[in-house]
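My entries follow in the order in which I worked.

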Amino acid sequence: MANICSERGLHEIIDRAQLILTSWQAFVEEHPETQIHPLLLSISDEITDLMASFYLEASEMASDHALVSGLATGMKMVKKNHII
């Protein structure tokens, strides 16, 4: 697979990562059944942290990219009331 080095490619990665992360949190991590099982919650937290790290790394790459504009690179991620 070719390297994605365009502004559009980075924007798509950031957008998709944010969509999947928020969907994961809303439909899996915050699900009552996940919340009552400590092991599932712990694994879910790890997954959320990894997805957030991916999002932030892609955002950092975009901010380092030449003249990237209009991307959500200055955003802060919030996980359970904690800024990541």
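**Terms first.** I call a residue buried when its relative accessible area is under 20%, exposed when it is over 50%, and partly exposed in between, with a 1.4 Å probe and protein chains only. For helices (H or I, at least four residues) and strands (E, at least two) I take the DSSP runs, numbered from the N terminus.

**Ground rules.** This is a predicted model, for which local features need pLDDT of at least 70 and side-chain atom pairs count only at pLDDT 80 or more, whereas totals for chains, interfaces and linings use all residues. Residues are numbered from 1 along each chain as its sequence is written, and side-chain values use heavy atoms, with hydrogens and water left out.

**Overall.** I find three helices and two strands, arranged α-α-α-β-β from the N terminus on. Of the 84 residues, 24% are buried. The accessible surface (Shrake-Rupley method, 1.4 Å probe, with only the protein chains shown counting as cover for residues) comes to about 6,100 Å², and carbon and sulfur atoms hold 62% of that area. Taking contact as heavy atoms within 4.5 Å, I note that 59% of the contacts with a separation of 6 or more join residues 24 or more positions apart.

**Confidence.** The pLDDT, which is the predictor's confidence in each residue from 0 to 100, averages 81, and 68% of the residues score at least 70. Among the elements, H2 has the highest mean at 97, while strand S1 (residues 78–79) has the lowest at 57. Over residues 66–76 the pLDDT is below 50, although this stretch has 14 contacts in the model beyond near neighbours in sequence.

**Helix H3.** H3 has 27 residues and spans 39 Å from its first C-alpha to its last, close to the 39 Å expected at 1.5 Å a residue; the expected span is 1.5 Å times one less than the number of residues. Its buried residues are Leu-41, Ser-44, Thr-48, Met-51, Ala-52, Tyr-55, Ala-58, Ser-59 and Ala-62. An α-helix has 3.6 residues a turn, so residues three or four places apart point the same way.

**Core.** Which residues make up the largest nonpolar core? A nonpolar core is a set of buried Ala, Val, Leu, Ile, Met, Phe, Trp, Tyr and Cys residues joined through side-chain atoms within 4.5 Å. I list six: Leu-10, Ile-14, Ala-17, Tyr-55, Ala-58 and Ala-62. Helix H1 (7–29) and helix H3 (38–64) each supply at least two residues of this core.

**Thr-34 and Ser-44.** Thr-34 is found in helix H2 (residues 32–36) and counts as buried because its relative accessible area is 10%. Leaving aside neighbours within four places in sequence, Thr-34 is in contact with Val-28, Glu-29, Leu-40, Leu-41 and Ser-44. Ser-44, in H3, is buried with a relative accessible area of 2%, and on the same exclusion its contacts are Trp-24, Glu-29 and Thr-34.

The C-alpha atoms of His-31 and Leu-41 are separated by 9.7 Å. Gln-25, in helix H1, is buried at 12% relative accessible area, and its C-alpha atom is separated by 9.7 Å from that of Ile-47, 22 residues apart along the chain.
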